[in-house]
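This briefing sets out selected features of one protein model, grouped by topic. Please read the points alongside the sequence and the coordinates shown here.

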Amino acid sequence: MTPSNTDQIADRVREHSPSTFNKAIDRETEGRLLRYAAMGEEGITRQIEELEKEWDMERLLETNASTLTVAAMAAFGLTRNKKWLFVPGFVMSFFFQHAVQGWCPPVPVFRRAGVRTRQEIEREKYALKVLRGDFNDLGAYENEGEITEKALRAVAR
């Protein structure tokens, strides 16, 4: 099975992000898993619902690029000053760079702020589903500690 384009982009974001940012994001994910493991099914279900709403790196970049481009074009339209045309070109070149390389100047800023890739978010959702027992029919677990350990392995890199 070949990885999807989204998986490849997500891997490139991690690959081009400083390991300190990646490790911080991973530690936060592991900490959340441990907290939710103690909260039970209701807390886990709420967190899965929150993860469904979480904006990933791609969505944030797309939104920022389009917002800056539209704002600069509007400023050009209102002022008819050609210097405003520089902004959309600049922003779109970053967006193109991200599409080709998986990195652009805003990525480290967003990663430092804890913005995750869709793949990272999906891994947390999968681990929470393990904790909630969604896959219990697929195999028996000795105890809750084993379930938590399996959930943590699900998000481990």
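Leaving aside residues up to four places away in sequence, N22 touches R14, S17 and R111, where contact means heavy atoms within 4.5 Å. N22 lies in helix α2; helices (H or I, at least four residues) and strands (E, at least two) are DSSP runs, numbered from the N terminus. N22 counts as buried, at 9% relative accessibility; buried means under 20% relative accessible area, exposed over 50%, and partly exposed in between (1.4 Å probe, protein chains only).

The model is predicted, so that local features need pLDDT of at least 70 and side-chain atom pairs count only at pLDDT 80 or more, while totals for chains, interfaces and linings use all residues. Residues are numbered from 1 along each chain as its sequence is written, and side-chain values use heavy atoms, with hydrogens and water left out.

**Overall composition**

- The protein contains eight helices and zero strands, and its elements run α-α-α-α-α-α-α-α from the N terminus on.
- Of its 157 residues, 33% count as buried.
- The accessible surface of the protein comes to about 9700 Å², and 56% of this belongs to carbon and sulfur atoms; the areas come from the Shrake-Rupley method with a 1.4 Å probe, and for residues only the protein chains shown count as cover.
- Among contacts between residues at least 6 apart in sequence, 72% join residues at least 24 apart.

**Packing of α2 against α3**

- The axes of α2 (residues 19-39) and α3 (residues 41-53) come within 6 Å and cross at roughly 140°. Axes are lines fitted to C-alpha atoms, for helices over the stretch in contact, and angles run from 0 to 180 degrees between N-to-C directions.
- The two helices α2 and α3 are therefore oblique to each other; angles under 35 degrees count as roughly parallel, over 145 as roughly antiparallel, 65 to 115 as roughly perpendicular, and the rest as oblique.
- R32, Y36 and M39 of α2 make the contact with E41, G43, I44, R46 and Q47 of α3.
- These contact residues divide into three nonpolar, two polar and three charged. Ala, Val, Leu, Ile, Met, Phe, Trp, Tyr, Cys and Pro count as nonpolar, Asp, Glu, Lys and Arg as charged, and the others, Gly among them, as polar.

- Helix α7 (residues 118-132) has 15 residues and reaches 21 Å from its first C-alpha to its last, close to the 21 Å expected at 1.5 Å a residue; the expected span is 1.5 Å times one less than the number of residues.
- Buried residues of α7 include Q119, E120, I121, R123 and E124.
- Y126, also placed in α7, is partly exposed, with a relative accessible area of 44%.
- Not counting residues up to four places away in sequence, Y126 touches F135 and A154.
- The C-alpha atoms of Y126 and V155 are separated by 8.2 Å, and the two residues are 29 residues apart along the chain.
- G133 follows α7 and has a positive phi, near 100°.

**Loop residues**

- G114 is placed in the loop between α6 (106-112) and α7 and counts as partly exposed, at 23% relative accessibility.
- G114 and F21 are 93 residues apart in sequence and 7.6 Å apart in space, C-alpha to C-alpha.
- R80 is placed in the loop between α4 (57-79) and α5 (86-101) and counts as exposed, at 70% relative accessibility.
- Phi of R80 is near 55°, a positive value in a residue other than glycine. Most residues other than glycine have a negative phi.
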